[in-house]
Amino acid sequence: MGKARRKLRTRAVAAISAVSALGLVVGCGSSDSGGTGGGKKDGKVTITMGLFGVMGFKETGLLDKYMKEHPNVVIKADVAGDEQTYYTALQTHLAAGSGLKDIQGIEIGRAKELSDTQKDKFVDLAGVAGTDHFLPWKQSQVTTADKKVIGLGTDIGPMAVCYRKDLFKQAGLPTDRDEVAKLWEGDWSKYVDAGKEFKQKSKDDKVAFMDSSSGLFNAMIYGNSQQFYDKDGELIYATNPVVKDAWKLASEAATSDLTAKLRQFQPGWDPGLANSTFASTVCPAWMLAHISEKAGPENKGKWDVAKAPKGANWGGAFLGVMEKSPVKKEAQDLVAWLTAPEQQAYLFKEIGNFPSSQTALGMPEVVDAKSDYFSGAPIGKIFSAAAQEIPDEQVLGRKDGTIKDIFSQGLTLIEAQNKSPNEAWKTTDKRIEKAAG
Amino acid sequence: MTTDSIPVQTADAPPGTVQKKARKSTAPGGRSRQLFRHPGAGRQHHAGPVAYILLGIAALFSLFPLYWTMVAASTDNTRVTQTPPPFLPGPHLLENLGKAWQDAALGKAMLNSLIVAGVIALSTVLFATLAGFAFAKLRFKGRNILLMLVIGTMLVPPQLGVVPLFMMMTELGWGQQLPAVIFPTLVSAVGVFFMRQYLSEALPDELVEAGRVDGAHSLRIFWSIVLPIARPPMAVLFMITFVHAWNDFFWPFIVLDMSNPTVPVALTQLSAGYIRDQSLIMAGALLGTLPLLAMFIVFGRQIVGGIMQGAVKG
Amino acid sequence: MEDHGQAHREGRRLTSGPLAHLRSSPASHARPQVGRRAPALPVTLQEGRLPVAISTSTPPDGAPDAAPPAGSGSGAERQRRSTLLHRLDVRGAPYAFIAPFFVVFAAFSFYPLVYTSWISLHRVELSTLNLMEWVGFDNYTALWDDDRFWNALLNTFTIGVLSTVPQLLMALGLAHLLNYQLRGSTFFRVAALTPYATSVGAAALVFTMLFERDFGMINWMLSLVGIDNIDFENNKWAAQTAISTIVIWRWTGYNALLYLAAMQAIPRDRYEAAAIDGASRWQQFLKVTIPGIRSTIVFTIVLSTIGATQLFGEPLIFGQGPNGITGGADNQYQTLGLLLYEEGWKNYQMGRAATVAWAMFLLLIVLFVVQRVVKRVLARRA
């Protein structure tokens, strides 16, 4: 064997051993494996947070601000982009009892499951000073049966209807937002009627009245006290008149060809916004930023916001403190501060997250907020009004998110796969039984 | 065990592919049925223009998504999702790359990923070649059954193992540490199976015998005879194992966090916000892929040439 | 590579010396001549020293490696010791070589595997992992009665065939091209594996751009020739074709490189012999190249079959999000892998997900058995 070959091989072996050794040394770091990563040392307090994409504390500099005001506190926040992956990791960590952070974000779709099955792992935040400023229905979403509160609310998603003034105009519909609101005030079926009128009179037949029937369905469901489950945790979707009405109306919109056959936030929806393929969409407060970006600068001033027939809420999150945390008190203080009215108003100003604090709703940043993109609509007032309309007690269910998705699927069957509403309902019914039963 | 007990279906090229190659062979050299020797179909022949065209088309399809990642990373966020999408690079490339690097703390993540993927690839290749050699050329009791066992481990999808594995890692004290990501994947059944197949047809029994006759023990035979022959598949196995380990997201995301991330875990930091900065995310994705390309260039050279080159000149 | 000359010279001598009979021995029917292929031989084989006997049970006298240093004992004792060591080596080394695989597997993968099979006999949810309700084989019977399972099975099969067959064929052709002496060969090899290395997010964006219903590039091109927009997502065959395209894009280069590596082991003189016999380049490809990498082809078929059965990454790239996990509104492209993912990571029903995983395992066993039976039947016919 040639000398060169041998040397190469020896060097390779040396390299391998070096890398492996390095790997094991670097890998086996000195960090307290399994703990939350938080702690007190030399007068400094370290608090760790696990957040997901939409919360905005890190990006808007709120964490830095807190650290400046409390120089002995160091905050380390991990932000995961995708809530689904975040929740899977959270559940795995909860199951194993390790890998949790001091503070964990809770998305509304998960709130019920966590408060039912993992409430012991969360600190009770019921009595924390200065936290009685929230909208009552918001906190009810994270209150357990025995009155334990596992999180403090961050943002909410009150809903309105975003529409294109120019497209409404060419179909002979009113364009002023108050008049538009009057068009369908109090009843979603009037919204569908307006859609039929739009379809009849629109000069451009490539434009649909609304983007998606499932948007309409969700808007109708989310405003109600009881949705898919009742107070005892029983599935009532098949008999609840709220659900049946929503299904009827949404499938009517689908079969009357009033929709662009899209699903919100699925492929095709963004290009739909960019290319103006629909004239209205049900929009929670946090969707405005997305619309303005995807529709682009050329559509600025063409969009406007009108009050929805009935108030509803889509989305929202909470911050919880874990029992395992070695710095529970400090974490609690941080959470209370981050969700305080001033900070919520600040977040609204910066990234459009709508406050869940009643006090914040009364602050000038919110009351006077207007959106340039949406023709100067007074979004603070519109969404506040929608938020106040939501009933105080919201009955959530553990599989709400899954059931909502299955309904969207069912509506797509009607919209895009030409199934009849009856067929689609049967399929949906079967699927829900399997998923939630 | 002979190769016959593994599902065998010889691949018959359909007429379409035939045409492709036939065209190529009408390039320099021609094609006639006389008695003079035709140039061989293989290594020693120079590629004709048709070959280059075909390879070019294949390269185009292969590289386009990565190219578009670069285009997206260099355009500003609003333009990226407009239709028609941009196809030419924009002006913000370096700016976005820098921001992505910073926001996702990629320096540490890159080092971690390098260690993780490097160790996993090295160990996988080494152990796979060892085991592959044993299964291919050494005789021992239970060889067939054990090989079936190895293949059997490939048959159950691994995703669900995440939860019990995490609990194990917690017990071992490896939570949020690199060993948690490295140790479970130190070996690969695919690797063993691949090396076994390659060595069973590439390594002549006589060579092993000759080594034995000379008194070489198994490890020496492995080191001096098997390794040189096995260089091409080892290079390929290294590349694909490295990529797999580098890009692995789900398990590292569950067991690691930002105190000790690998590249895919770190890149999730970029997807934050209601408005996803798509160009920033793509910049991060591009940064994450570049080290892999560098590795390809180094190891890709090893696939062809080397040991056989000298022999050819005889 | 300066030692090639030496090895080659040694090889030549091997073919003309006592080992010459090996060249045409039946055992080496497909084997190249030892001489031409000789890589660097063990250091112990020095020029001029040729083994006189081809016996593996006793090493020749004075074999430097196995022999202990002179003076440590009588010649006979040395022989006995070296024989013992040798026997230990021949018997034991194989087990030592395969041990690392089984040790690591036993340590880290065995328990999760057992766990997965255990929870398939229970009703377990991720949020309440400690609450396991024993249901015996109910999960399995429920799956058997579940339309979604059979739908996913059928989809897995159709997408599997659609994606695997063209992929492997193209990989063969691609490998053949890459095997030529090329200018810029490294570039093409890098390009071949780039799809495998491209991040999932980037791939998802690009393929959405291609297949999107209203404004996608493919529909735009079709509109140029007057064809209506295809709803790739909601049309079953369009969706499955699109997914197969993604699979082919991602894995062809991977398989091509595997074939390319295997092709390196085919000795040149086989091609020359065929050429002398008048075989065209195409016939050489058929008669020399393909049989020469047969084992590797078998390997890729097995690997692709397993991959096709467990397929879930590419359908997810196509569908994206919760809609992708269900394989579309009507499960039109849901594969078994997606069904597993849906049960486990969307519905968080770990027990049911584990059942799907084991169903996939059983499916592969069935495929293997069917393959054996078919082969035997065909062999009997022939």
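A residue is called buried if 20 or more other C-beta atoms lie within 10 Å of its own, exposed if 12 or fewer do, and partly exposed in between, with C-beta atoms placed from the backbone. By that rule Tyr348(C), with 22 C-beta neighbours inside 10 Å, counts as buried. This is a predicted model, in which local features need pLDDT of at least 70 and side-chain atom pairs count only at pLDDT 80 or more, while totals for chains, interfaces and linings use all residues. Residues are numbered from 1 along each chain as its sequence is written, and chains are lettered from A and ligands numbered from 1 in the order in which they are written.

**Two domains in chain A**

- Chain A is divided into domain 1, made of 39-156 and 316-366, and domain 2, made of 157-313 and 383-436, with bounds that come from an automatic or database domain assignment.
- Taken over C-alpha atoms, the centres of domain 1 and domain 2 of chain A are separated by 29 Å.
- Counting two residues as in contact if their C-beta atoms, placed from the backbone, lie within 7 Å, 19 residues of domain 1 of chain A touch 20 residues of domain 2 of chain A.
- On the domain 1 side of this contact in chain A, two or more residues each come from helix H4 (108-117), helix H5 (136-140) and strand E5 (152-164), where helices (H or I, at least four residues) and strands (E, at least two) are DSSP runs numbered from the N terminus.
- H4(A) gives the most to that side of domain 1, with 5 residues.

**Chain B**

- The secondary structure of chain B comes to 16 helices and 0 strands, and 59% of its 314 residues count as buried.
- Among the contacts in chain B with a separation of 6 or more, 77% are between residues 24 or more positions apart.
- An unreviewed UniProt entry lists several stretches of chain B under "transmembrane region", including 178-199 and 220-243; UniProt positions are given in the numbering used here, feature names are shortened, and annotations may be inferred rather than shown by experiment.
- Residues 178-199 of chain B are 68% helix and 0% strand, with end C-alpha atoms 33 Å apart, whereas residues 220-243 of chain B are 96% helix and 0% strand, with end C-alpha atoms 30 Å apart.

**Positive phi values in chain C**

- Tyr348(C), a residue other than glycine, has a positive phi near 55°, and is found in the loop between helix H15 (336-346) and helix H16 (350-381) of chain C.
- Gln320(C), also a residue other than glycine, has a positive phi near 65°, and its place is in the loop between helix H13 (313-319) and helix H14 (321-325) of chain C.
- Gln320(C) is partly exposed, with 19 other C-beta atoms within 10 Å.
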